[in-house]
Amino acid sequence: MNQNFAQPSSLPAAPVKKHRNLAQGVVAAITGSIQAGTLKPGEKLPTESVIMELHGVSRTVVREAISHLQAAGLVQTRHGIGTFVLEPPAASLRISSDTIRTIADVLAILELRISLETEAAWLAATRRSEAQVAEMGAVLKRIQESQSRPGSVESDVAFHLLIAQATGNRYFVDILSDLGHTIIPRARVDSAQLAHDDPNVYLERLNREHEDIYNAIARKDAEAARAAMRTHLSNSRERLRRAQEGIAAQDA
């Protein structure tokens, strides 16, 4: 690994405006140098004194900036040696619908969703705002009004994403945004058809499940919200499991 000192000129000395957070200004400058390739993996950052002089900030600000860079996985500090640029982090989780080819694949995704969304519902019930509840209610109404039309799928996705947003944790939103737009519609439509469910019975059950989730979040009942979400997703999994068994029996 190359441990040569990066030259001070590697870091752009853009002035940090007083009204901005000084540490974030330093973070932005160093991050920009890393992304541009001016600072390469394995290279050592300039000393605290050099960064202080370059950006006109205090040692405390520099240390706070380094802490942020460490938390972001961009650098690593080796005590007594210095702070080094790390290899770029692996690409974020992306699950493409092209990789979901079998019922077994969709079942695996549903297991992931059960683990993730039951906790999202619990958090949403404890953290949601009145505005978020109102928005969930509006989307739920759209689901019920358009259930027999293609648009209901998008509303279903929106409902789950609103719950993720109500957690106040952007990582729930990031993951469910990916899962929602590539997998939820496909899993839902296929499971109902493959399991030979009566469409009216299926839609009525889906409405009840969504209402149970919504009502629990609205009244801030975290445990009920968690249970309602688990029931909702577990029912989808059960339909797929029955469909898988039926196909296996036909092929036998």
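Mentor: One term to start with: a contact means heavy atoms within 4.5 Å. Also, this is a predicted model.
Trainee: Okay, contacts. Of those between residues at least 6 apart in sequence, what share joins residues at least 24 apart?
Mentor: In this chain, 71% of them do.
Trainee: What is the chain built from, in helices and strands?
Mentor: Ten helices and two strands. The order along the sequence is α-α-α-β-β-α-α-α-α-α-α-α.
Trainee: How much of the chain is buried?
Mentor: Of its 252 residues, 42% are buried. The accessible surface is about 13600 Å². Carbon and sulfur atoms account for 53% of that surface.
Trainee: Let's switch to helix 2 and helix 3. At what angle do their axes cross?
Mentor: Roughly 110°. Helix 2 covers residues 48-55 and helix 3 covers residues 59-71, and their axes come within 9 Å.
Trainee: So what do we call that arrangement of helix 2 and helix 3?
Mentor: Roughly perpendicular, because angles of 65 to 115 degrees count that way.
Trainee: Which residues make the contact?
Mentor: Helix 2 brings E48, S49, I51 and M52. Helix 3 brings R59, V62 and R63. By class, that contact has three nonpolar, one polar and three charged residues.
Trainee: Now the strands. How many bridges join strand 1 to strand 2?
Mentor: Four, and the strands run antiparallel. Strand 1 is residues 75-78, and strand 2 is residues 82-85.
Trainee: What is the bridge partner of Q76 in strand 2?
Mentor: F84.
Trainee: And how many residues sit between the strands in that hairpin?
Mentor: Three. In this hairpin, G80 takes a positive phi near 85°.

Methods:
Residues are numbered from 1 along each chain as its sequence is written. This is a predicted model: local features need pLDDT of at least 70, side-chain atom pairs count only at pLDDT 80 or more; totals for chains, interfaces and linings use all residues. Side-chain values use heavy atoms; hydrogens and water are left out. Buried means under 20% relative accessible area, exposed over 50%, partly exposed in between (1.4 Å probe, protein chains only). Accessible areas come from the Shrake-Rupley method with a 1.4 Å probe; for residues, only the protein chains shown count as cover. Axes are lines fitted to C-alpha atoms, for helices over the stretch in contact, and angles run from 0 to 180 degrees between N-to-C directions. Angles under 35 degrees count as roughly parallel, over 145 as roughly antiparallel, 65 to 115 as roughly perpendicular and the rest as oblique. Ala, Val, Leu, Ile, Met, Phe, Trp, Tyr, Cys and Pro count as nonpolar, Asp, Glu, Lys and Arg as charged, and the others, Gly among them, as polar. Two strands pair if DSSP finds at least two bridges between them.
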